[in-house]
Amino acid sequence: EGLVENAAQVGAYLMSKLSELESHPSVIEARGIGLLCALELVSDKDKRLPFTSIDGAAKRLTSVLADEGMYTRANDHLFIAPPLITTDADVDAMVEIIDKCLTKVEIEFGLS
């Protein structure tokens with residue numbers, strides 16, 4: 001059914017979109033292969049302090065993402081592992097949600 005090929009193609013698109021989120025003060029790096037990806041989160045880019053060094057931030061990010069309909073988990077990484085049938089449009093929607101939620105949590109915890 002072309003699932004492996006789709007995962008490779010859409011996964012490359014997902015990585016390109018996630019890389020754009022590295023401009024966030026809490027995102028140090030996007031990494032992944034295929035549709036198995038993650039954003040490495042920090043509380044301070046210069047010092048590379050882990051995101052979990054801010055009490056409650058990871059739990060809050062997980063909650064805010066769920067409120068927007070994206071069910072994943074965040075700690076020092078935000079894990080993204082959509083189904084193999086994911087489309088470019090799905091990626092756009094996911095990255096938009098992540099961008100919005102990161103911004104909200106960064107503001108709440110004084111990272112912006």
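Does Cys 101 count as buried or exposed, and at what relative accessibility is Cys 101 placed in that class? At 1% relative accessibility, Cys 101 counts as buried, where buried means under 20% relative accessible area, exposed over 50% and partly exposed in between (1.4 Å probe, protein chains only).

The structure is a predicted model, in which local features need pLDDT of at least 70 and side-chain atom pairs count only at pLDDT 80 or more, while totals for chains, interfaces and linings use all residues. Residues are numbered from 1 along each chain as its sequence is written, and side-chain values use heavy atoms, with hydrogens and water left out.

The protein contains 3 helices and 4 strands, arranged from the N terminus in the order α-β-β-β-α-β-α. Its radius of gyration is 14 Å, close to the 13 Å that the globule rule gives for 112 residues, so the protein is as compact as a globular protein of that length. The radius is taken over C-alpha atoms, and the globule rule is 2.2 Å times the number of residues to the power 0.38. Helices (H or I, at least four residues) and strands (E, at least two) are DSSP runs, numbered from the N terminus. The C-alpha trace spans about 45 × 30 × 15 Å along its principal axes.

Of the 112 residues in the protein, 38% are buried. The accessible surface comes to about 6,200 Å² (Shrake-Rupley method, 1.4 Å probe), with 54% belonging to carbon and sulfur atoms. Among contacts (heavy atoms within 4.5 Å) between residues at least 6 apart in sequence, 58% join residues at least 24 apart.

Helix 3 holds both Ile 97 and Cys 101. With neighbours within four places in sequence left aside, Cys 101 is in contact with Leu 61, Val 64, Leu 65 and Glu 68. For Cys 101 and Ala 66, which are 35 residues apart along the chain, the C-alpha separation is 9.7 Å.

The largest pocket holds about 180 Å³ of space. Strand 4 (77-80) and helix 3 (88-108) are the elements that give two or more residues to its lining. The largest share, 3 residues, comes from helix 3. In total, 14 residues line the pocket, and Met 70, Ala 81, Pro 82, Pro 83 and Met 94 lie nearest its centre. By class, the lining has 10 nonpolar, 3 polar and 1 charged residues. Here Ala, Val, Leu, Ile, Met, Phe, Trp, Tyr, Cys and Pro count as nonpolar, Asp, Glu, Lys and Arg as charged, and the others, Gly among them, as polar. On a 1 Å grid over the protein atoms alone, a pocket is an open set of points where a 1.4 Å probe fits, with protein on both sides within 12 Å along at least five of seven lines, and lining residues have an atom within 4 Å of a point.

Arg 48 lies in the loop between strand 2 (36-44) and strand 3 (49-50). Its phi is near 55°, a positive value in a residue other than glycine, and at 49% relative accessibility Arg 48 counts as partly exposed. Leu 49, in strand 3, is also partly exposed, at 35%.

Terms used
Points joined across faces, edges and corners; volume = space filled by probe spheres on them.
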